[in-house]
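The text then turns to the packing of helices.

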Amino acid sequence: MIYRTLPHGGERLSIIGMGAGSLHNSSSRDIEAIAEAAIEAGVNLFDFIPSRTSVLAPLGRALGRNRSSVHVQVHIGAEYTGDSYGWTTNVNLAKREFEARLKALNSDYADFGFIHCIDEDADLDRVFNGGIWEYALEMKRQGVIRHLAFSTHSAHIARRLLATGEMDFAMFSINPMYDYTNDSAYGKGETGDRAALYREFEQAGVGVSVMKAFAGGQLLDAAASPFGIALSSEQCIQYALDRPGVLSVLPGVRTMADLRRNLAFLDATEAKRNYSVLGSVAPRNADPSCVYCNHCMPCPQGIEIGLANKYYDLALQGDELAADHYRHLEAHASDCVSCGHCDSRCPFGVGQSARMAEIAAHFGQ
């Protein structure tokens, strides 16, 4: 397993996590076995929002037995008053359900306490003014919530929550379909705006766990994909992991076979993870931008092109540390000789040679 570090706190999170939204397809016994197998493989980040109440007890038992070695996302606003998952901004119901999830884990804390699934301004206003926000902050003060977090599909709502300055973590829907098309209500935000948001996550030191990496399976099916081709799970996971701020991807798991498919990413070749085909099927922006995928590499001059672009974009947004990170690179944009190697390899049509001259002028090297 590979791990990435949470900027605020220093916890090491597995790049492959586990979503529980489809676990109801397995029996209680198998649910526990799947969670145990994931933990044995090094998975240590779990989202505790199953779609059915039948999953809560077995998943809670498995995670509870391994509580000290796992990080669990527990949501304030997910509720299970019926047989399946529901959503609420009612503070009393949200509190009761949050505390019930901790009890199911046999735990007195949540690694990540999430303001749950807010996509509309009116709902966020109810969270801020209806008691949920105050409750979440109080739980953080008491240590019941170790890191305050939020989940949303909306770039606009994400920015409102980032602006509180209270967040350490976020769950956001990231995949090529949501980033490059308007084919889903879950991919709210224009391409350039979403790309800017990912940099804002990184600049704020807010780690991101990724939901809907496969767009509900649409990207794995040529007939359902808006691109007309099927991507592999490895391509989708790598795409998400390449976005700024992303620490972990949490695909949903139905069965042990799904878990094995997700973990196969760790042993996949670079060629199998390569998603450069998107450059030929995704709509081109009027102003192509670097997505830091490093498919232009290796640079003959040794420039880490993706990082140079990332630090430049962050610097333009006012990140004071970006310039220092850039200067510590072994090679800089000024070392570019305009050989055109990167220009010919960029799947998204970015003129990297010209971009290197722009970066060098900005940083002075």
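This is a predicted model: local features need pLDDT of at least 70, side-chain atom pairs count only at pLDDT 80 or more; totals for chains, interfaces and linings use all residues.

Residues are numbered from 1 along each chain as its sequence is written, and side-chain values use heavy atoms, with hydrogens and water left out.

The structure holds 11 aromatic pairs. Rings of Phe, Tyr and Trp (its six-membered ring) pair if their centres lie within 6.5 Å; planes under 30 degrees apart count as stacked, over 60 as edge-to-face and the rest as tilted. One of these pairs joins Phe-98 and Tyr-135, edge-to-face, at 6.1 Å centre to centre and 90° between the planes. This pair links distant parts of the chain, since Phe-98 belongs to helix α3 (residues 91–104) and Tyr-135 to helix α5 (residues 132–142), 37 residues apart. Helices (H or I, at least four residues) and strands (E, at least two) are DSSP runs, numbered from the N terminus. Phe-98 has a relative accessible area of 0% and is buried; Tyr-135, at 8%, is buried as well. Buried means under 20% relative accessible area, exposed over 50% and partly exposed in between (1.4 Å probe, protein chains only).

Phe-172 and Tyr-198 form another pair: the ring centres are 6.2 Å apart and the planes stand at 75°, so the pair is edge-to-face. It also links distant parts of the chain, with Phe-172 in strand β9 (residues 169–173) and Tyr-198 in helix α8 (residues 191–204), 26 residues apart. Phe-172 is buried at 0% relative accessibility, and Tyr-198 is buried at 3%.

The charged end of Arg-146 lies over the ring of Tyr-109, 3.6 Å from its centre. Arg-273 has its charged end over the ring of Phe-265, 4.0 Å from the centre.

Helix α4 (residues 121–129) packs with helix α6 (residues 155–162) at an angle of about 25°, their axes 10 Å apart. Axes are lines fitted to C-alpha atoms, for helices over the stretch in contact, and angles run from 0 to 180 degrees between N-to-C directions. Asp-121, Leu-124, Asp-125 and Phe-128 in α4 meet His-156, Ile-157, Arg-160 and Leu-161 in α6, where contact means heavy atoms within 4.5 Å.

Key. A charge sits over a ring if NZ of Lys or CZ of Arg is within 6 Å of the ring centre and within 35 degrees of the ring normal.
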